Amino acid sequence: MPELISWAIFLIALALILTESVERTIAALGGASAMLIGGGLLGFYSEEQAIEAVDVETLTLLFGMMTLVALLQPTGAFEYLAIQVARLSRGRPIRMLVFLGAITSLLSMVLDNVTTVVLIAPVTVLITEILGLSPMPFLITEALLSNTGGVATLIGDPPNIIIGSAAGLTFNDFLVHSLPVVLVAWAAALVLLIWMFRRELGGGPVEPAVLQGLDPGQALRDTRTARKVTAVLGLTVVCFLLQSQLGLSSSLIAVSMASVALLWLRPPMDKVLDSIEWQVLVFFAGLFVIVGGLEASGGLQVLEQLALRASAGHISVAAVGILWITAIFSALVDNIPITVALVPVIQHLGTQGVEIFPLWWALAFGAGFGGNATIIGSTANLIVVRLSERTRQPITSRLWLRRGLPIMLITCLIGSLAFLLALPLFQR
Amino acid sequence: MDVGSVMKREVVSIRADQTLEEAIRLLVDKRVGTLPVVDEQARLVGILGLREILQLCWPTLLDMLGNYDFVRDFGVLERNDISAEDRAKPVGQLMQPATRVEVDCGLLRAEAVMRQHQLRDLPVVDEQNRLVGLASWVDVGVAFLRHRSLSQDRP
């Protein structure tokens with residue numbers, strides 16, 4: 001009985017997220033409350049257990065990185081970078097697509113990719129429009145490549161943070177085990193995007209003079225703050241690289257670096273806190289509580305049995321299975337619930353003697369690459385679509401599927417091939 | 001002092017079934033920024049401003065970013081035009097609900113209403129909602145100042 005109740009609550013919350021009838025944060029909060037009430041009445045889930053289920057490590061790491069981005073955001077640094085790379089392209093559309101895609105990916109490997117896209121996409125619309133190009137291919141490319149690039153690092157993508165925290169993976173683990181695959185997948189995605197957009201990108205340089213009229217210096221509103229935050233971000237990455245030597249947790253690095261930046265800059269704190277994406281943090285906390293209830297009720301045993309049977313064969317086949325299931329679920333609903341739900345399942349497999357290290361990477365690839373297929377697959381996709389609705393060529397769901405699905409398929413295929421052909425890459 | 005005594009009484013207006021082309025011609029010929037939309041009985045039914053019409057050729061891009069200092073040249077966007085299709089549309093399709101005040105509205109209240117709704121021109125109506133005038137932000141502000149300095153000049 002408790003299993004049925006907890007599954008019903010979990011599935012109703014997912015259905016609300018899927019149908020977008022309520023905002024996903026509200027669905028998660030409502031589901032968490034329902035799970036606690038149900039768990040209290042039937043005695044399978046207490047408030048203490050719920051608090052324990054919330055992965056504070058994940059939330060703290062997200063909060064720290066969000067604070068650093070919130071400090072960088074108003075300086076105009078993102079606009080500055082976008083204009084610089086656009087000028088470097090000298091108005092050649094393909095080159096501009098590659099450069100803007102690359103800078104978005106690079107930024108989203110270190111920063112939250114939602115914020116990166118929120119800041120880069122409007123400048124992209126401006127630059128492409130004044131050049132007489134359609135912003136559409138550029139917006140889709142930026143979202144897809146930032147989703148893909150973010151998979152490469154611990155802090156690049158929220159599912160990675162969740163997985164890293166649960167599995168005890170460090171920043172360097174991601175550079176060793178994930179980055180090589182992501183580099184191949186990213187390059188393949190880029191080539192495929194250029195080919196798919198060959199008609200829109202055809203033609204020579206457009207009005208290079210107009211491009212030279214864009215003054216990156218003017219875009220940078222607060223050079224001193226931008227320099228300071230960039231310095232702290234650089235130090236943050238160094239700390240992550242030396243994480244095992246320093247003996248610090250990922251969340252402590254993020255929060256202490258955010259504190260360093262805050263002490264150095266002493267900005268108005270209310271403005272900084274306004275830029276934190278609280279809805280993301282609340283959504284995550286809600287999901288942790290929901291899945292905690294699912295686990296406490298014994299509801300995850302069904303999945304655990306399935307997974308155990310599936311992983312009885314070769315581990316790379318199990319990894320490929322997890323990758324595709326996660327990817328399809330991420331494309332159709334959201335990558336966070338599936339990640340949060342599969343974490344305890346994989347942990348359970350570990351206790352049964354299954355070699356689970358490769359499975360963590362399968363989960364990360366599935367959650368990261370799967371979101372490319374549909375507009376709702378990732379928040380970055382939603383943001384560029386909303387922005388495109390204000391241009392002359394709005395991006396429709398069908399158009400996204402035609403461009404995003406091939407990218408999901410090729411990136412997931414490359415991930416699968418990596419497990420089948422280079423399994424040692426995913427072993428300790 | 002009320003808005004009725006500072007407003008312009010000769011107002012260029014348009015009807016909802018006229019085309020945008022006609023509205024554009026009126027704005028250009030009369031050099032005005034706001035066209036109150038009225039029915040046959042001169043009752044105010046909406047408002048059509050320069051802003052709504054320019055939105056058709058100026059991209060919405062102009063409110064996407066917080067900073068445009070770095071753009072020296074808007075390139076091909078400078079040459080945007082309003083399509084023939086848009087020009088043939090009836091005014092009723094593009095007009096906005098009109099914020100209005102009555103003739104006896106005080107100047108400070110007129111200013112507050114304009115501020116709240118971010119208006120430059122305020123249609124003024126009588127009790128039957130018939131358009132009787134249009135008070136601009138400048139009309140209201142200047143009248144307010146004139147009234148103040150005159151009363152201060154008195155011994």
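Predicted model: local features only at pLDDT ≥ 70, side-chain atom pairs only at ≥ 80, totals over all residues.
## Chain B: secondary structure

Six helices and six strands make up the secondary-structure elements of chain B. Read from the N terminus, their order is β-α-β-β-α-α-α-β-α-β-β-α.

Along the principal axes, the C-alpha atoms of chain B fill a box of roughly 60 × 45 × 25 Å. Of the 155 residues in chain B, 39% are buried.

Contacts in chain B between residues at least 6 apart in sequence were also sorted by separation: 58% of them join residues at least 24 apart.

## Chain B: surface and charge

Chain B has an accessible surface of about 9,400 Å². Carbon and sulfur atoms account for 50% of that surface.

The charged side chains of chain B number 20 positive and 24 negative. The centres of these two sets lie 4 Å apart.

## Chain A: the setting of A:Thr115

A:Thr115 belongs to helix α7 of chain A, which spans residues 113-130. Its relative accessibility is 10%, so A:Thr115 counts as buried, the cut-off being under 20%.

The side chain of A:Thr115 makes a polar contact of 2.8 Å with the side chain of A:Asp112. With neighbours within four places in sequence left aside, A:Thr115 is in contact with A:Val69, A:Gln73 and A:Glu277.

Technical notes:
Residues numbered from 1 in each chain as written. Chains lettered and ligands numbered in written order. Heavy atoms only, no water. Helix = DSSP H or I, 4+ residues; strand = E, 2+ residues; numbered from the N terminus. Buried < 20%, exposed > 50% of the residue type's maximum accessible area, 1.4 Å probe, protein only. Polar contact = N/O pair within 3.5 Å; in protein donor to acceptor, adjacent residues only side chain to side chain. Contact = heavy atoms within 4.5 Å. Areas by Shrake-Rupley, 256 points an atom, 1.4 Å probe, with all protein chains shown as cover. Lys, Arg positive; Asp, Glu negative; His and termini not counted. Charge placed at Lys NZ, Arg CZ, Asp CG, Glu CD.
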